Amino acid sequence: MNGTEWTTLCDNRGRPIDRTPGTGPEPWIWTGTRGGSTEPLAAPAHRTAVLFRCAGTLIADMPNNGDPGWVRPLPGAAAVVAAVRARGVAVGALVEEPGVARGLLSRAQVDLVRRRCEQLLGPFDVWAVCPHGEADGCACRRPAPGLVSAAHDCLAVPARRTTVIGSDPRDALAARAAGVAAVLVAPPTGRAGRVAGPIGPLAVVGLPAAAARALAAEPQAAGAPSVRPSQ
Ligand SMILES: [Zn+2]
């Protein structure tokens with residue numbers, strides 16, 4: 001397995017799941033290899049996982065973008081992901097690309113953009129992509145839990161130690177439905193909680209603060225870098 005391999009769904013130990021064909025549209029899953037290792041990143045050593053919503057949280061939201069040259073990380077995103085990763089925490093990326101269903105994007109383009117994200121933000125343990133449109137009736141579009149569950153199932157981390165970080169209330173709803181925690185990043189100009197409406201207490205201002213909250217209960221190894229809520 002390598003970092004660009006297209007994989008089937010895998011279980012909580014990284015083993016492929018033999019799904020019955022025709023049971024409904026499935027998300028696309030890439031499992032990565034960190035630092036060029038040939039071992040799956042979904043290693044039992046991971047005690048905690050953070051699943052980042054990609055668009056609007058880590059990179060600028062640019063719907064239907066199939067051009068890697070247009071990928072723009074949001075300020076501080078690379079540093080936050082690096083700090084989380086350096087603590088031995090599994091990191092995942094959640095992507096919705098309904099433009100695929102509308103014929104505006106190909107799977108190859110999604111992969112190119114994904115690879116560019118990894119160049120800019122570093123490797124992720126798992127990528128989960130919903131390529132479906134509203135009419136497809138999939139279980140992975142927010143607020144359904146399928147995308148979160150698919151990513152989480154690839155990581156050997158208990159649900160109670162997994163957190164979704166997003167910037168949309170639907171991220172929190174999907175996380176809740178999947179049985180994992182959520183923290184929402186509110187815009188720096190907004191008040192914490194304002195973005196989230198009925199789930200306002202989940203929202204904090206700034207990605208560093210969101211990551212710090214996600215890792216608040218994570219046992220920290222000696223010398224591990226911190227993720228400071230400095231924003
Ligand atoms: Zn879907």
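The model is a predicted one, and in it the zinc ion is coordinated at 2.0 to 2.3 Å by Cys130 (SG), His132 (ND1), Cys138 (SG) and Cys140 (SG). The angles among the four donor atoms run from 102 to 116°, and the site is tetrahedral; for four tetrahedral donors the ideal angle is 109.5 degrees. Cys130 counts as buried because its relative accessibility is 0%, and Cys140, at 1% relative accessibility, counts as buried too.

| Helix | Buried residues | Packs against |
|---|---|---|
| Helix 1 (residues 77-86) | Ala77, Val80, Val81, Ala83, Val84, Arg85 | strand 2 (49-53), strand 3 (90-96), helix 2 (107-121), helix 5 (207-214) |
| Helix 4 (residues 169-178) | Asp171, Ala172, Ala174, Ala175 | strand 2, helix 3, strand 5 (162-166), strand 6 (181-186) |

In helix 4, the buried residues Asp171, Ala172, Ala174 and Ala175 cover an arc of only 165° around the axis, which puts them on the same side of the helix. The N-terminal end of helix 4 is capped by Asp168, with a side-chain oxygen 2.7 Å from the backbone nitrogen of Arg170. After helix 4 comes Gly179, with a positive phi near 85°, and just after helix 1, Gly88 takes a positive phi of about 80°.

Notes: Residues numbered from 1 in each chain as written. Predicted model: local features only at pLDDT ≥ 70, side-chain atom pairs only at ≥ 80, totals over all residues. Heavy atoms only, no water. Buried < 20%, exposed > 50% of the residue type's maximum accessible area, 1.4 Å probe, protein only. Helix = DSSP H or I, 4+ residues; strand = E, 2+ residues; numbered from the N terminus. Contact = heavy atoms within 4.5 Å. Donors = N, O, S within 2.8 Å, 3.2 Å for Na, K, Ca; no water. Tetrahedral: all angles 85-135°; square planar, octahedral: opposite > 155°, others 65-115°. Arc of directions from axis to C-beta. Polar contact = N/O pair within 3.5 Å; in protein donor to acceptor, adjacent residues only side chain to side chain.
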